[in-house]
Amino acid sequence: MWINRRLARISWKDKKTNQEVCEHLGTRRELVNTIKTRKIRYFGHIKRHASFLKDALEGKIEGSRPRGRQRRRWIDDITEWTGKDIHQCTVDAQDRAKWKSVSSQHLEQGRHRE
């Protein structure tokens with residue numbers, strides 16, 4: 001956000017919120033949407049190839065997990081953002097064109113929410 005403040009010549013002493021600075025410049029904060037879209041696309045890339053990453057993502061690595069609450073998994077994020085279960089995401093990811101449309105739909109939805 002500091003670069004936007006420099007562009008608009010708004011000092012930190014002016015007590016303007018980041019949202020007000022974005023409105024002044026006519027921009028949006030899109031970093032989170034970019035990260036989500038790239039994560040969805042990378043999931044499709046991993047699912048189309050047979051590799052160690054695919055095994056790690058599916059949780060097929062042997063061993064015991066540490067005590068305490070389970071950590072948030074990649075698969076949890078993908079299913080939440082796409083609105084599909086993991087099996088349907090895996091099937092869709094095998095078709096590159098279909099998965100690209102899924103990731104671009106997510107990007108469009110993220111832009112309309114803001």
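**Terms and their grounds**

Analyst: In helix α5 (residues 74-82), the buried residues are Ile75, Asp77, Ile78, Trp81 and Thr82. They lie on the same side of α5 because they cover an arc of only 160° around the axis, the arc being that of the directions from the helix axis to the C-beta atoms. This is a predicted model, in which local features need pLDDT of at least 70 and side-chain atom pairs count only at pLDDT 80 or more, while totals for chains, interfaces and linings use all residues. Residues are numbered from 1 along each chain as its sequence is written, and side-chain values use heavy atoms, with hydrogens and water left out.

User: Why is Arg9 called exposed?

Analyst: A residue is exposed over 50% relative accessible area, buried under 20% and partly exposed in between (1.4 Å probe, protein chains only). Arg9 has a relative accessible area of 77%, and therefore counts as exposed. Arg9 is found in the loop between α1 (2-8) and α2 (18-25), and its phi is positive, about 55°, although it is not a glycine.

User: What makes Lys15 exposed?

Analyst: Its relative accessibility is 73%, so Lys15 is exposed. Lys15 is also placed in the loop between α1 and α2, with a positive phi near 55°.

User: How do you know that α3 and α6 are roughly perpendicular?

Analyst: Axes are lines fitted to C-alpha atoms, for helices over the stretch in contact, and angles run from 0 to 180 degrees between N-to-C directions. Angles under 35 degrees count as roughly parallel, over 145 as roughly antiparallel, 65 to 115 as roughly perpendicular and the rest as oblique. The axes of α3 and α6 cross at roughly 75° and come within 8 Å; the two helices are therefore roughly perpendicular to each other. Phe43, Gly44 and Lys47 of α3 meet residues of α6, including Cys89 and Ala93, where contact means heavy atoms within 4.5 Å.

User: What makes up the largest nonpolar core?

Analyst: Such a core is a set of buried Ala, Val, Leu, Ile, Met, Phe, Trp, Tyr and Cys residues joined through side-chain atoms within 4.5 Å. The largest one has 11 residues: Ile40, Phe43, Ile46, Leu57, Ile75, Ile78, Trp81, Cys89, Ala93, Trp99 and Val102. Two or more of its residues come from each of α3 (31-47), α5, α6 (86-94) and α7 (96-113).

User: How many helices does the chain have?

Analyst: Helices (H or I, at least four residues) and strands (E, at least two) are DSSP runs, numbered from the N terminus. The chain has 7 helices and 0 strands.
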